[in-house]
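Grab a pencil and open the viewer. Let's work through a few exercises together, one step at a time.

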Amino acid sequence: MLFVSLISYIDRNTLALLIPTIMKETHLSAEQYGFIVSAFSIAYMISNPLWGGLLDRLGLRIGMMLAVAFWTAASMSHALAAGFLSFAIARTALGLGEGATFPGGLRAVMQTLRPTEQARGIAVAYSGGSLGAIVTPIIVTPIFLKWGWRPAFLFTGAIGLAWLVLWFFVSRRADVRDWKPLRKGPSPAAPRFTDQRVWSFVLAYGLGATPLGFVMYAAAIYLNQAMGKDQAFIGKVLWIPPLGWEVGYFFWGWMVDRMTAAGIPKMTTVRRLMLSAVFLSLPLAAVPWMGPTWLVLLEMFFAMFVIVGFVVPSVAYATHVYAAEHSGLIAGIGAGSYGAIVALTMPLFGRLFDVRRYDAAFAIAALMPAVGYAGWAWINRGMLASSVDSVPRDRK
């Protein structure tokens, strides 16, 4: 599942990497690019819970085969795009397929690992996304420099086809193919949007991860527009910010498992880690006043490291208050909330970049995690005040 999340982020990051060149050749504005990202994110938002529910019913083997086959075709279709509409259509199709990425990853973790290993398992499964963002500029830039941007998208599709062959054999494992939950009593109810705990999860995950989408989709434009760097230079350095994201998965996953093994209540663990991440997110607002390129890249690295302090603890919270057999839906709701925030904010960030208001864009991205944590803490104030860790599974 690490590899499937890796491939999904290669597919989506190829456009973010090559967008300075594509904007010049197709005459797209930064605002139009923001709407293209928004089209992907809306589709991704909708498809995450849908795929989560489907995976809970169809199982990992069949569900992931269908999803990856669909988004591989969508990724390759970018090579045919020529303007705003065609990119938006291709991006929408990609978002519809990639909604299975993290529901599949979380479901695999909950099916195959013990409770004291699950946070680190989530980190491994989810870290493929950050690893994909790291390797995209390394493997795509040489293809772009030799053949242009269109063949780069054909290459990403070829990687997806290779994964499908690998998955056909790997998914024969009994705990992947035939797993069923061990039930005692009636089946626990799935998360519902009428439940305040779902909305607290949405706020913590979606708003907490805002800097991730901002840096991932806007870094290349900022380096090009504000700092005057060309596409070749961007391709050489854009692996640095997502490296922080990759390191963050293992650090924050280890922290959750370590605190859980030490007997610290799960709600206390989640609260402490997310609150620390709130304060660590604020330096991102200072990027427009950082002169040296290395300092800008270092802060982007740090910002992407910090956002995992919302992702892993918030998923640990959701799997704590809901049953494991709904893990696909839980992951879908979380990743879908992130997609919704990206859909809402990227057109705004694109517009701010068009008018060179980088200060406002970076400030908004830096402050969104604080808003998400405040909402999560308010909704869960009763559980936090009493330090309750033995929250019963929802069996209504």
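This is a predicted model: local features need pLDDT of at least 70, side-chain atom pairs count only at pLDDT 80 or more; totals for chains, interfaces and linings use all residues.

Residues are numbered from 1 along each chain as its sequence is written, and side-chain values use heavy atoms, with hydrogens and water left out.

**Exercise 1. Find out where confidence in the chain is lowest and where it is highest.**

Step 1: Start with the average. The mean pLDDT (the predictor's confidence in each residue, from 0 to 100) of the chain is 86, and 92% of its residues reach 70 or more.

Step 2: Go helix by helix (helices are DSSP runs of H or I, at least four residues, numbered from the N terminus). Helix α8, residues 174-177, has the lowest confidence with a mean of 67, while helix α16, residues 358-379, has the highest at 95.

Step 3: Look at residues 389-396, where the pLDDT is below 50.

**Exercise 2. Describe the largest cavity: its volume, its lining and its residue classes.**

Step 1: On a 1 Å grid over the protein atoms alone, a cavity is a set of points where a 1.4 Å probe fits but cannot get out, and lining residues have an atom within 4 Å of a point. Grid points are joined across faces, edges and corners, and the volume is the space filled by probe spheres set on the points.

Step 2: Searching the whole structure turns up five cavities of 30 Å³ or more. The largest cavity holds about 130 Å³ of space.

Step 3: Its lining has 13 residues, and the closest to the centre are Asn13, Ala133, Met216, Leu238 and Pro242. Two or more lining residues come from each of α1 (2-26), α6 (118-147), α10 (210-225) and α12 (240-261).

Step 4: Sort the lining by class (Ala, Val, Leu, Ile, Met, Phe, Trp, Tyr, Cys and Pro are nonpolar; Asp, Glu, Lys and Arg are charged; the others, Gly among them, are polar). You get 11 nonpolar, two polar and no charged residues.

**Exercise 3. Now do the second largest cavity.**

Step 1: This cavity has about 60 Å³ of space.

Step 2: Among the residues that line the second largest cavity are Tyr9, Phe102, Trp245 and Tyr338. Helices α12 and α15 (327-354) each give two or more residues to this lining.

**Exercise 4. Is Met304 buried or exposed, and which residues does Met304 touch?**

Step 1: Locate Met304 in helix α14 (residues 293-321).

Step 2: Its relative accessible area is 2%, so Met304 is buried (buried means under 20%, exposed over 50%, partly exposed in between, with a 1.4 Å probe and protein chains only).

Step 3: Leaving out residues up to four places away in sequence, Met304 touches Leu212, Val215, Pro241, Pro242, Gly244 and Trp245 (contact means heavy atoms within 4.5 Å).

**Exercise 5. Check the phi angles of His27 and Arg356.**

Step 1: Recall that most residues other than glycine have a negative phi.

Step 2: His27 isn't a glycine, yet its phi is positive, about 60°. His27 sits in the loop between α1 and α2 (30-58) and is exposed at 68% relative accessible area.

Step 3: Arg356 also has a positive phi of about 60°. Arg356 lies in the loop between α15 and α16 and is partly exposed at 47%.

Terms used:
On a 1 Å grid over the protein atoms alone, a cavity is a set of points where a 1.4 Å probe fits but cannot get out, and a pocket is an open set with protein on both sides within 12 Å along at least five of seven lines; lining residues have an atom within 4 Å of a point.
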